[in-house]
Structure formats: C-alpha cells, structure tokens
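Colleague: Walk me through this fold, please. I want to learn how to read strands, sheets and helix packing.

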Amino acid sequence: MRKFLVVLDDSRECLNAMRFAALRAEHTGGGVEVLSVIPPDEFNHWIGVGDIMREEARERIVAHFEVFAKWMRDKHALEPHLVIREGEPVDEILAQVREDPEIGVLVLGAASDKKGPGPLVTQLTKSAGTLPVPFTIVPGDLSKEQLEGIA
C-alpha cells in the first residue's frame, strides 16, 4: 500500500497538508502516515527535567494526532499511523522517507505569509532531487472546497 507521509506540527498550514493527504489516500486506496518530530533543543535541561519534557511533548503530539485521526476515520474511512521521532526535523523527515519503503509521497503544507513557505518546505526543496519519493507542497490558504477539487 502506498502511504502519504504528512508532517504534524503546530503550523496553520499543517491542516491543509493533512486534508490533502487524507483526500489523496481515500481516492487512491492508500494510507496516511503522520510524522511528528521533537527537536533536540527542547531537552537541553537536566536529565530528569528533559525526560519529563520529552514525555509531555509526546503526550501533546498524541492528543493533536488523535484529533486528525478521528476526522480521517469518520470522514474518509482511513486509519492513519503516527510516528514520533526526535532530532532535527528535516533530517528526521528524510530518514523516515528513506526507512519506510511504503511511503509513496511526502506531503507538506506551505505558509502563505510574507516570510516564505516555512522552514521545512524551504529546506526540503533543496533536497528534492535526492528524495526517493516525490513530494507535494500544499498551499496553506487553499479552501476545503479547493482541496477537494484538486485531490
């Protein structure tokens, strides 16, 4: 089964990336894998405090994922899979794509403000030629109706 890998973070554009991945998976008989990366700088504290912060970050990610997972189950009859990795976001995204042969497409949301598309899109675009899968950049300001028409 081909899976659409979508990155879960706190950005607004993440919502459109999730929608697009779910719609494409539903229409093509694929699956959705949701990746969330905990950056290492969140744990530069004493060992005990770092462990507590790591666990709290994981709990927040799981709670955030469950909102999307319920929507995908109810609306699109999909059962998404969550992967949580720790490290530099771009490195971990690339590692996940390379380690999971079922991933067929990487889906990223792009910001629509004046600062640019966001750090993940900017950095991963530089690696586009060496990725083992294509990636789709979903504009963050597309409406639900526009996404449904495209997907």
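Colleague: How many residues of strand β1 (residues 3–7) are buried?

Modeller: Five of its five residues are buried. Buried means under 20% relative accessible area, with a 1.4 Å probe and protein chains only. Strands here are DSSP E runs of at least two residues and helices are H or I runs of at least four, numbered from the N terminus. This is a predicted model: local features need pLDDT of at least 70, side-chain atom pairs 80 or more, while totals for chains, interfaces and linings use all residues. Residues are numbered from 1 along each chain, and side-chain values use heavy atoms, without hydrogens or water.

Colleague: Which residues lie on each face of β1?

Modeller: In a regular strand the side chains alternate between the two faces of the sheet. In β1, Lys-3, Leu-5 and Val-7 are on one side, Phe-4 and Val-6 on the other.

Colleague: What is the strand order of the sheet?

Modeller: Strands pair if DSSP finds at least two bridges between them. The open sheet runs β3-β2-β1-β4-β5, with parallel pairing. Its edge strands are β3 (81–86) and β5 (135–139). β1 and β2 (residues 31–38) share five bridges; Lys-3 stands opposite Gly-31.

Colleague: At what angle do helices α3 and α4 cross?

Modeller: Two packed helices are described by the angle between their axes and the distance between the axes. Axes are lines fitted to C-alpha atoms over the stretch in contact, and angles run from 0 to 180 degrees between N-to-C directions. The axes of α3 (residues 89–99) and α4 (residues 119–126) come within 10 Å and cross at roughly 55 degrees.

Definitions and conventions: Buried < 20%, exposed > 50% of the residue type's maximum accessible area, 1.4 Å probe, protein only.
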